[in-house]
Amino acid sequence: MLVTGWPHIRSSMPASSHRPDSGPQLRARAARDVADIVTGRSSLSAAYARWARADQPTALLRALVAGTLRWHYRLQWQLEQLLEKPLAQKEIELAALIRVGLFQLQFMRIPAHAAVDETVAAARILRRHHARGLVNAVLRSFQRRRGELDKQLENNDVARLSHPAWLIAALRADWPEAAEAILAAGNEPPPLWLRVNSQRSSPEQYAQSLAEAGIGFTRDVEQPLAIRLEAAMSAARLPGFAAGEVSIQDRNAQLAAEYIDLAPACRILDACAAPGGKTAALLEQMPDAGEVVALDRSQVRLTTLRENLSRLGLSATVI
């Protein structure tokens, strides 16, 4: 059965829904960020930076936003199947909110009733009071029709693989035997990698700190400063993070400093530098009297870069 209208429902939104840490508020924030990123008004890294500055609880936000974006093509296809007619073009945030709800029902260990109720309540925070019935109806219709929709996925590669058609075609043309595995890997959450600040700690010392904190990890045999965590967590939980002993940075991004000849008194231009991971890595490993000039067109992201350098006890010329 398709959703044919916006039936009235009685909201179960708790009185605390406007607290920054409440479930509906987080889902509304996630919907806004998803909408901004999909339309090109923002980026995921910029969203992470905003959350950190606002001291918002980032673990759930990161999971909701990154996961909804990762599975965008599947979630959008499911939304289209569950609606009798498309949403108005201006309803970008509302569409994003429903995709956030669909993501929770499929990929998160959140009780279904909580995922539905708090996503419905988030519609009011987005000033879409009239749409609460629609959000509720779509999510509950998905619960009833999930088996049917899963079967239909097999006939739609874009939805099944959750990648754009052009990329699926290109991978199948260039790597026909590996294409499906590559696309499946593209939907996996990336591992969380750390880079030890060699000016404030050592890989051995920091590994000991992780072990004492009961945090599982793996040392990288080729990248001495790189440590992979067994489970993702917020930066606030990392020992020594506030003191600048460690940064979060993908292993491959850490290679940038390895590929540059960091000679004494060298001067390096880091273009598109924000949020500053590579800038910091270069400064941490740079010989005496060296300088890094970091520039970026986004003043918001440059603010994050300055904050990261300050935390790590580093200095660069930031433009």
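## Basis of the description

Helices (H or I, at least four residues) and strands (E, at least two) are DSSP runs, numbered from the N terminus. This is a predicted model, in which local features need pLDDT of at least 70 and side-chain atom pairs count only at pLDDT 80 or more, while totals for chains, interfaces and linings use all residues. Residues are numbered from 1 along each chain as its sequence is written, and side-chain values use heavy atoms, with hydrogens and water left out.

## Strand pairing

Two strands are taken to pair if DSSP finds at least two bridges between them. Strand β1 (residues 193-196) runs antiparallel to strand β3 (residues 226-229), joined to it by 3 bridges, and Leu194 stands opposite Ile227 in β3. Strand β2 (residues 217-219) also pairs with β3 in the antiparallel sense, over 3 bridges, with Arg228 in β3 as the bridge partner of Thr218. Between β2 and β3, which form a hairpin, there are 6 residues.

The loop between β2 and β3 contains Asp220, which counts as buried because its relative accessibility is 14%, where buried means under 20% relative accessible area, exposed over 50% and partly exposed in between (1.4 Å probe, protein chains only).

The side chain of Asp220 reaches the backbone nitrogen of Gln223 at 2.7 Å. When residues up to four places away in sequence are not counted, Asp220 touches Trp193, Ala226 and Arg251, contact meaning heavy atoms within 4.5 Å.

Key:
Polar contact = N/O pair within 3.5 Å; in protein donor to acceptor, adjacent residues only side chain to side chain.
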